[in-house]
Amino acid sequence: MRKDVRILLVGEPKVGKTSLIMSLVSEEFPDEVPPRAEEITIPADVTPERVPTHIVDYSEAEQSDEQLFQEISKANVICIVYAVNNKKSIERVTSHWIPLIADRTDKDSRVPLILVGNKSDLVEHSSMDTILPIMNQYSEIETCVECSAKTLKNISELFYYAQKAVLHPTGPLYCPEEKEMKAACVKALTRIFKVSDMDNDGLLSDLELNFFQRTCFNTPLAPQALEDVKNVVRRNMADGVQDNGLTLKGFHFLHTLFIQRGRHETTWTVLRRFGYDDDLELTQEYLFPPLKIPPDCTTELNHNAYLFLQSVFDKHDKDRDCALSPDELKDLFSVFPYMPWGPDVNNTVCTNEQGWITYQGYLSQWTLTTYLDVQRCLEYLGYLGYPILCEQESQAAALTVTRNKRIDLQKKQTQRNVFLCNVFGARGSGKSGFLQGFLGRNLMRQKIRHEHKSYYAISTAYVYGQEKYLLLHEVLPDTDFLSETDLSCDVVCLLYDVSNPRSFEFCARLYKNHFMDSRTPCLLVGAKADLPEVRQQYSLSPLDFCRKHKLPAPQRFTCNTAEAPSRDIYTKLTTKAMYPLRPCLDELGAFLLADQESSLTQQVHPVVHVEESIYMESSVDPFVSRHVTQAEMKSSTFWLRASLGATVFAVFGFAVYKALLKHR
Ligand code: GDP
Ligand code: MG
C-alpha cells in the first residue's frame with residue numbers, strides 16, 4: 001500500500017475549494033478565506049486509512065497554468081469541485097477540467113477523479129441527475145459526493161473517499177464497462193479460494209470461512225453473520241452455495257458485490273493479506289522474506305514445515321494412494337503462477353510403479369529445494385500460503401538454518417538432517433545408475449529420456465535408527481576446472497567402473513588433486529560389480545591406493561539387480577557424512593543391518609496420516625491472538641459487511657457509486 005496520499009482540489013473560482021479545506025481542518029465554516037489554502041498534511045493517525053495525507057488547493061488567481069499542470073502530475077487523486085447552485089461550474093467539469101487532466105496524465109496511469117458538488121446547503125434538489133451521465137461517460141471518475149463547507153455535511157467523507165480512491169483503487173479490480181471483475185482479480189481470488197479450501201472439496205465450509213475471516217480481518221465471526229452471507233449468495237445465484245459451503249463462484253460473486261457497493265477495500269484487505277500488491281502481483285516482500293544464512297550453514301525444513309507440506313499432500317492425494325498422479329500434481333501447483341516441477345523431478349526422487357512422485361519423494365524434493373535454493377523454497381511456500389495457513393510471520397518460520405559445520409566438527413556431532421554427497425567418476429563409470437539406484441531403481445527401471453535427466457537424487461537413509469536425507473549430486477567429469485561448490489560437500493563418492501581398466505585413474509587423480517588434504521570424508525566405490533573385475537591401469541590397485549591414503553576399502557556396487565539395488569552403500573555414505581571423523585563402520589568391524597529401515601526409532605517426519613493434518617490442529621487450537629490496530633472501517637467483519645451491504649445500501653446515500661449505477 002502507498003505510504004502517503006496527495007489530494008488536489010481544482011475547479012472554477014468561488015466554488016468553495018478553499019472553504020472545504022479550511023472547514024475540514026478547523027471543523028467550522030470560515031467566513032473569510034484566502035484565495036488559496038496552504039498545502040496541509042494530515043498526520044497518519046487521524047486519517048481513517050492511517051496514511052499521511054496532503055491536501056493541495058488551487059487558485060487560478062494565484063497560480064499559473066504551468067504550476068497547475070505540475071500539481072496535476074504530482075496528485076494521486078483529484079477532486080473536481082463545482083457549486084451545486086452554479087450551472088456553469090458544472091458545465092466546466094466536462095468542457096474544461098476532465099479533458100485538461102486527461103491531457104496531463106498518462107493513459108495507463110490515470111489519476112482517479114472525484115466529483116464534488118459543494119454548497120449543498122443552498123439548494124433543495126440534488127445535482128445528481130446532471131452528474132450521473134458524466135460519471136457513466138468517464139471511467140476515471142471514481143465517485144461523486146455532494147457536500148457543504150458551510151454545514152460541514154460530508155466533508156470528512158469527501159476526504160475519506162479521496163483517500164480510499166488512492167489506497168484501494170477500483171481500477172485493478174473491476175471493469176465498469178463489463179460490470180465484472182477483471183481477469184487478474186479473478187485469478188488472485190481463485191488462488192486465495194484454493195489456498196483457503198483446506199480439504200480441497202471446492203467449497204469453503206463454515207470452519208474454513210471462519211479461518212479465512214480471522215486471517216483477513218482479525219475478528220471472530222458470529223454464526224448468524226455467516227448464515228446471512230450465504231443467504232445473500234443463495235438469493236442471487238443458484239450454485240453459489242452447495243452442501244452449506246461457499247463455492248468458488250459464490251466467492252467471486254461476493255467480491256463482485258463488495259466492489260459494486262463501493263466496498264472494494266474489503267476485497268483489497270483480502271488480497272493484501274494474501275500478499276498481493278496494487279498490480280495484483282505477489283509482492284517481493286511476501287515471496288522473499290529476509291533470511292540470513294551465515295557461511296558454512298545449510299537450510300532445512302523444520303518439523304512444522306513438514307507437517308504443513310504433509311497436509312498439502314493429503315489435500316491433493318485424492319485417491320489416497322500416497323502418490324501424486326499428473327492431475328493431482330497439477331492441482332497441487334495450481335496456486336503457483338507456473339509449474340515448478342519438471343519431468344526431471346521424477347528422476348530426482350522416489351516414484352511409484354507408475355512413475356508418480358510418492359509422499360516420500362514429494363518431501364524429498366522439498367528438502368532438496370530448501371537445501372540447494374532456499375529463495376525458491378521461500379517463494380514456493382509463499383504460493384502455497386504457508387504464512388497464512390500456519391499463522392506465521394513469514395515463510396522464514398518454516399526453515400532451520402543449521403549451525404556452522406566447523407562447530408559440528410569440533411563437537412563431533414551434528415543436528416543436521418540433510419547431507420550432501422558429490423559423486424565423481426569418469427564418463428560412463430556408472431554415476432547416473434548409482435544415483436538412480438538410491439531411488440530404488442535397478443538397471444531395468446532406469447530408462448531416462450535425456451531431457452528428463454537429473455543430476456541430483458535425494459532420498460532418506462537410516463543411520464543408527466535416525467532417518468536422514470542424503471542428497472547425491474553427480475558432478476560432470478568433462479571440466480578440468482572444479483568450482484568451490486563442486487568440492488564442498490559432506491562426503492565425496494569416487495566412483496569407478498570395475499570392468500573398465502582406465503576408470504580408476506580418474507578417481508585417484510581427483511583424490512590427490514582435491515581431497516587428499518581436505519577434511520571431507522571420501523569413499524571409493526567400484527560400480528558395475530556384477531561384471532568381471534579387471535586390473536586397473538594405475539600404479540596402485542584400488543585397494544592398495546585406499547590403504548596408502550588411509551581410506552576405507554573400495555565398496556562394491558551394482559544396480560544390475562533383480563530387485564531394488566542394495567542400500568548399504570548409501571547408508572555408509574550418510575554415516576560418513578554425519579560422523580566424518582569416525583573411522584568407517586567396516587573398520588570398526590560393525591556391520592550395518594541389512595534392513596535398517598525396520599529398526600528405526602526416530603523419523604524426520606511423520607508418516608501420512610490424514611487425521612493428523614495441520615488443519616485439524618488449527619481447529620483444535622483456534623485463536624492465536626494478534627495485536628493489530630486497524631482503522632475503524634476495517635475492523636467490522638468481512639462477512640457481516642457482506643450481509644449488511646445487501647440491505648443497507650441506503651446508508652451510503654451521500655455517495656452514489658458508479659459501479660452500482662451502471663449495474664441498473
Ligand atoms: P474557491 O475560489 O473555490 O476557493 O472558493 P472559496 O472557498 O473562496 O469560496 C467562495 C465563496 O463561497 C466564499 O464566499 C465562501 O464563503 C462561499 N462558500 C464556500 N463554501 C460554501 C458552502 O458550502 N455553502 C455556502 N453557502 N457558501 C460557501
Ligand atoms: Mg480558493
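Thr18 belongs to helix H1 (residues 17–26), whereas Pro35 sits in the loop between H1 and strand E2 (40–42), so the pair ties together parts that are 17 residues apart in sequence. Helices (H or I, at least four residues) and strands (E, at least two) are DSSP runs, numbered from the N terminus. Thr18 counts as buried because its relative accessibility is 6%; buried means under 20% relative accessible area, exposed over 50%, and partly exposed in between (1.4 Å probe, protein chains only).

This is a predicted model, in which local features need pLDDT of at least 70 and side-chain atom pairs count only at pLDDT 80 or more, while totals for chains, interfaces and linings use all residues. Residues are numbered from 1 along each chain as its sequence is written, chains are lettered from A and ligands numbered from 1 in the order in which they are written, and side-chain values use heavy atoms, with hydrogens and water left out.

Ligand 1 is surrounded by 17 residues, of which Lys14, Thr18, Ser19, Asp121 and Ala149 are the closest; a residue is near a molecule if one of its heavy atoms lies within 4 Å of it. Helix H1 gives the most to this shell, with 3 residues. For Lys119, an N or O atom in the side chain is 3.0 Å from an oxygen atom of ligand 1. Taken alone, ligand 1 exposes 580 Å², and the protein buries 83% of that; these accessible areas come from the Shrake-Rupley method with a 1.4 Å probe.

Strand E1 (residues 5–11) comes next. Of its 7 residues, 7 are buried, so E1 is largely enclosed by the rest of the structure. In a regular strand the side chains alternate between the two faces of the sheet. Accordingly, Val5, Ile7, Leu9 and Gly11 point one way from E1, and Arg6, Leu8 and Val10 the other way. E1 runs parallel to strand E3 (residues 53–56), joined by 4 bridges, and parallel to strand E4 (residues 77–83), over 5 bridges; two strands pair if DSSP finds at least two bridges between them. Leu8 has Val56 as its bridge partner in E3 and stands opposite Ile78 in E4.

Further along, Cys144 is found in strand E6 (residues 141–146). With a relative accessibility of 0%, Cys144 counts as buried.

Antiparallel pairing is seen in an open sheet of 3 strands with the order E9-E11-E10. Its edge strands, E9 (203–204) and E10 (241–242), each pair on one side only. Helix H10 (residues 264–273) has 9 of its 10 residues buried, so H10 is largely enclosed by the rest of the structure. Just after H10, Gly275 takes a positive phi of about 100°.

Strand E17 (residues 456–463) has 7 of its 8 residues buried, and 8 bridges join E17 to the antiparallel strand E18 (residues 466–474). The two strands form a hairpin with 2 residues between them, and Tyr464 in the turn has a positive phi of about 45°.

Why is E20 described as largely enclosed by the rest of the structure? The description holds because 6 of its 6 residues are buried. Strand E19 (residues 491–497) pairs with E20 in the parallel sense over 6 bridges, and Tyr496 stands opposite Gly526. The chain crosses from E19 to E20 through helix H20 (residues 504–515) in a right-handed β-α-β crossover; right-handed means that, with the strands pointing away from the viewer, the path from the first strand over the helix to the second runs clockwise. E20 is also joined to the parallel strand E21 (residues 555–556) by 2 bridges, with Gly526 opposite Arg556. The crossover from E20 through helix H21 (residues 542–548) to E21 is right-handed.

Key:
A polar contact is a pair of N or O atoms within 3.5 Å; within protein, one must be able to donate a hydrogen and the other to accept it, and residues adjacent in sequence count only if both atoms are side-chain atoms.
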